[in-house]
Amino acid sequence: MSIISEVDVKIFRTSLVVAAISLALSSCSGETASMSSSAESSAAVARNAALSFAYSLSVENQVEDWWDGDGISITWKVTDVDDFDWDGVSRPNAAPPEGFQGLEQKAMSGPHPVRMEVSGIAKSGSSFVLTPVTTIDGEVLELAPIALRIGGAEANMSAAGVPCRSSAQGGVGSATASFSKKTTRGLFMYSIDMGCEFNANGWSLLVRNYKSP
């Protein structure tokens with residue numbers, strides 16, 4: 001009887017040891033899986049970040065006041081932005097200096113460049129609309145809207161439907177669109193010069209008084 005009891009005790013103790021070892025192995029396995037999942041997640045974030053790229057656009061106001069004064073100021077308005085297409089705070093609809101929203105630019109103050117971060121996971125390219133707004137005799141006037149797009153087969157930028165095409169798209173990388181606007185002082189005639197060729201300086205927009213070719 002005592003022999004049977006000793007055997008039972010030994011079996012019981014052996015079972016406890018086996019169970020403890022199994023639990024330890026299971027615990028280690030779980031830690032390994034967790035670390036692997038975390039590493040994969042970090043790698044995915046790194047890949048997405050690596051796909052982002054910088055995009056530079058400069059705007060300039062050369063609108064002279066042909067009546068009196070030093071010139072006409074322009075305030076830039078940004079619309080039609082999908083935040084999914086941009087990384088961080090460097091996006092077109094951010095306030096200066098990260099973006100263009102509400103940027104007030106005096107005439108002849110020189111170009112104002114903005115560096116924006118385009119997301120590498122943008123659905124079908126990044127786009128937005130940039131509209132120069134001015135005030136003449138207290139009247140707020142929205143000038144021609146400029147649509148800008150990065151990626152895809154569409155024109156790089158277009159001012160009220162007048163396109164600017166890069167050399168990769170069969171164009172020359174620049175274009176000028178001329179417009180007129182009725183004001184209380186008469187007809188305001190102006191042009192928008194677009195530079196849409198990819199280069200070290202990025203793209204550019206220049207609003208100026210209309211001059212005959």
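Helices (H or I, at least four residues) and strands (E, at least two) are DSSP runs, numbered from the N terminus. This is a predicted model in which local features need pLDDT of at least 70 and side-chain atom pairs count only at pLDDT 80 or more, while totals for chains, interfaces and linings use all residues. Residues are numbered from 1 along each chain as its sequence is written, and side-chain values use heavy atoms, with hydrogens and water left out.

Q: Where does lysine 106 lie?
A: Lysine 106 is in the loop that runs between strand S3 (104-105) and strand S4 (112-118).

Q: Why is lysine 106 called exposed?
A: Buried means under 20% relative accessible area, exposed over 50%, and partly exposed in between (1.4 Å probe, protein chains only). Lysine 106 has a relative accessible area of 58%, so the residue is exposed.

Q: Which residues does lysine 106 contact, leaving aside its neighbours within four places in sequence?
A: Contact means heavy atoms within 4.5 Å. On that basis lysine 106 is in contact with Asn61 and Ser73. The C-alpha atoms of lysine 106 and isoleucine 74 are separated by 6.4 Å, and these two residues are 32 residues apart along the chain.

Q: Why does serine 90 count as buried?
A: The relative accessibility of serine 90 is 17%, so this residue counts as buried. Serine 90 is found in the loop between strand S2 (74-79) and S3. Not counting residues up to four places away in sequence, serine 90 touches Glu98, Arg115, Met116 and Glu117.

Q: What makes leucine 51 partly exposed?
A: Leucine 51, which lies in helix H1 (residues 2-51), has a relative accessible area of 48%, and is therefore partly exposed.

Q: How do you know that cysteine 164 and cysteine 196 form a disulfide?
A: A disulfide is a pair of cysteine sulfur atoms within 2.5 Å. The sulfur atoms of cysteine 164 and cysteine 196 are 2.2 Å apart, and the two form a disulfide. The pair links distant parts of the chain, 32 residues apart: cysteine 164 is in strand S9 (residues 162-164), and cysteine 196 is in the loop between strand S11 (186-195) and strand S12 (203-209). A search of the whole structure finds one disulfide.

Q: Why is the disulfide of cysteine 164 and cysteine 196 called left-handed?
A: The torsion about the S-S bond of cysteine 164 and cysteine 196 is about -90°, so the disulfide is left-handed.

Q: Why does cysteine 164 count as buried?
A: Cysteine 164 has 0% relative accessibility, so it counts as buried. Cysteine 196, at 0% relative accessibility, counts as buried too.
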